Amino acid sequence: MSDTIFVSDLDGTLLQPDSRLSAETIGLLNKSISDGKLFTIATARTPATVSHILNDVEMRLPAIVMTGAAIWDKSDNSYSELKYIDPVAVGKFVELLHSHEFPIFLFTLVDNLIRIYHVGNRFNSIERSFIEERINSPYKRFYIDPEGKETLPDNLDKTILCYGMQPTGNAESVYKDALRIDNLRPQFYHDIFGPEIGIMEAFSPKATKAEAIKQMKARTGAKRVVAFGDNINDLPMFEIADVAVAVENALPEVKAAADLVIGPNTENSVARFIHDFK
């Protein structure tokens, strides 16, 4: 068994631009895992999409999901190391969202099931697509009004993340105000939707890819971490990795923080690196 654990981000790093794993990457990962290498992923995604993406990968380790807010075991759909947001902080964040008229999805995790609610009284087209693509997932249940009216859980103590996709200026404004809320870790960045759309997220301060990787390292007994990423939310795990690896298509600040820069995600660069690593 390897004493090195390899941890890869998904979108923009391990995945192709169509958000899938190539046949070559699947083959190389399975060969590496079969050879005893320790491999897992650390992603902002939830199991609703991770399960499908990893369907053909013979995963032997749990996955770090929701940017480190939980660790999820594909074999039995169980969650561990949950990092809920302080309910007082969630309440203040919801008030802030109301003041900005900023809609967002609020995720709770109860009995190994993600339950999704909606703050705000309107949907944009991206939010509607988000719902349509996941509405039949066995890993999520939507508590959404079809007309877009706000729905909230009975209490906020099982909130594990908040996730919004709105015009960049609006998202950045909410992010800056959310930085003032104690016991909340807001995050703002751009993702697959392009620069016009900003991703606004909120987590517990303890919910980071870095903290989850430390827990995975302890579980496996690994002595060394090799981490792969491309975006802002990968920087915390780069800080604690023994070897931080950016793909060529990564943001400039991510490449600047990396120990190594390899080829782009379109060339199966992460899987090749892991396979060839001695």
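Helices α4 and α6 cross in a right-handed way, a crossing being right-handed when the near helix is turned clockwise from the far one by less than a right angle, and left-handed when anticlockwise. Welcome to this predicted model, in which local features need pLDDT of at least 70 and side-chain atom pairs count only at pLDDT 80 or more, while totals for chains, interfaces and linings use all residues. Residues are numbered from 1 along each chain as its sequence is written, and side-chain values use heavy atoms, leaving out hydrogens and water.

**Two helices meeting**

Helix α4 covers residues 87-100 and helix α6 residues 168-178; they pack at about 145 degrees, with axes 11 Å apart. Helices (H or I, at least four residues) and strands (E, at least two) are DSSP runs, numbered from the N terminus. Axes are lines fitted to C-alpha atoms, for helices over the stretch in contact, with angles from 0 to 180 degrees between N-to-C directions. On the α4 side you will find F93, L96, L97 and H100, which meet S173, V174, D177 and A178 of α6 (contact means heavy atoms within 4.5 Å). This contact has five nonpolar, two polar and one charged residues. Here Ala, Val, Leu, Ile, Met, Phe, Trp, Tyr, Cys and Pro count as nonpolar, Asp, Glu, Lys and Arg as charged, and the others, Gly among them, as polar.

On a 1 Å grid over the protein atoms alone, a cavity is a set of points where a 1.4 Å probe fits but cannot get out; a pocket is an open set with protein on both sides within 12 Å along at least five of seven lines, and lining residues have an atom within 4 Å of a point. Grid points are joined across faces, edges and corners, and a volume is the space filled by probe spheres set on the points.

| Space | Volume | Lining by class |
|---|---|---|
| Largest pocket | about 770 Å³ | 16 nonpolar, seven polar, ten charged residues |
| Largest cavity | about 100 Å³ | two nonpolar, three polar, six charged residues |
| Second largest cavity | about 30 Å³ | six nonpolar, no polar, one charged residues |

The largest pocket has 33 lining residues, with S19, R45, T49, I53 and R134 nearest its centre. Helix α5 gives the largest share of that lining, five residues. Around the second largest cavity sit residues including L54, M59 and W72.

**An aromatic link**

F130 and Y163 form a tilted aromatic pair, 5.7 Å centre to centre with 35 degrees between the planes. F130 belongs to helix α5 and Y163 to strand β9, so the pair ties together parts 33 residues apart in sequence. Rings of Phe, Tyr and Trp (its six-membered ring) pair if their centres lie within 6.5 Å; planes under 30 degrees apart count as stacked, over 60 as edge-to-face and the rest as tilted.
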